[in-house]
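Dear colleague,

Here is the structure I said I would pass on. My notes follow below it.

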Amino acid sequence: MNIHSFLADDDQQSNQYKYVLNTTNKLQEQRKNDRSESTFEDSYLRSFALKLAQQGDFTEASALLTQLICRHPHNAVDYNNRGLIYFQSGERQKALDDYNAALKLNPYLASAYNNRANYYAARGELAVALADYDRAIDLKPHYLRAWINRGITWRDLGQYEVAIENFELALLFGQLEGHIWAERGRTYHLWGDWNCAIADYRRALTKLPSLDNNKDITSCRLRLQLENRLDELLSQSAS
């Protein structure tokens with residue numbers, strides 16, 4: 001969607017042909033300035049909303065995205081982002097509504113399928129979640145988070161071998177290795193292969209940032225979780 005089409009509409013609807021010809025350059029310059037200012041402001045609102053969400057201020061973050069949606073009601077990404085914030089704040093139905101709205105506007109938005117799959121997985125509707133993860137990966141084969149999430153979902157279904165296959169394929173992308181090894185280690189742990197679990201937990205810890213001066217809450221939480229699981233396995237193996 002061209003979010004600045006109102007400028008073109010004004011030109012098309014003008015009956016003062018000579019006036020338009022005489023002022024074309026001025027109008028084009030004004031369009032450029034308006035477009036730059038509007039794009040900058042929208043980008044700022046989106047980034048600020050993300051920052052607020054990361055700080056836990058979900059109410060203000062969703063309000064900013066609502067403002068953007070009012071400006072650009074056909075922007076699927078804004079619906080998807082607001083849905084993610086609703087999901088993080090526990091407003092699950094609102095999240096689902098926004099994911100569906102995003103996909104109605106753009107049925108090829110892979111991240112919306114991934115986020116909606118997370119919603120279904122949280123509700124225990126794992127088969128439905130897998131269908132959305134599959135769709136996300138079909139649309140975007142290098143979508144790493146969908147690969148990881150799909151592996152976790154297969155693990156939750158008790159399909160450990162399939163889960164391991166997902167994590168091993170995800171490792172080929174060379175990103176988020178600490179998180180992938182952590183999830184593969186957890187799968188081996190639940191599967192009863194403690195040696196592989198211990199090895200993966202240790203690999204994951206070498207990739208995750210240390211707790212000192214680390215502001216990444218997710219990585220800090222995962223590191224503490226891994227350390228506890230590793231200590232548990234090592235103590236059980238020694239007994």
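In what order do the elements of the chain run from the N terminus on? The order is α-α-α-α-α-α-α-α-α-α-α-α-α, that is, 13 helices and 0 strands. Helices (H or I, at least four residues) and strands (E, at least two) are DSSP runs, numbered from the N terminus.

This is a predicted model, in which local features need pLDDT of at least 70 and side-chain atom pairs count only at pLDDT 80 or more, while totals for chains, interfaces and linings use all residues. Residues are numbered from 1 along each chain as its sequence is written, and side-chain values use heavy atoms, with hydrogens and water left out.

Of the 239 residues in the chain, 38% are buried (under 20% relative accessible area; exposed is over 50%, partly exposed in between; 1.4 Å probe, protein chains only). The accessible surface is about 14100 Å², with 49% of it on carbon and sulfur atoms (Shrake-Rupley method, 1.4 Å probe).

Leaving aside residues up to four places away in sequence, A136 is in contact (heavy atoms within 4.5 Å) with A110, Y113, N114, Y143 and A146. Among contacts in the chain between residues at least 6 apart in sequence, 45% join residues at least 24 apart.

The whole structure has 0 disulfides (pairs of cysteine sulfur atoms within 2.5 Å). C220 is buried at 15% relative accessible area, and C196 is partly exposed at 30%.

Regards
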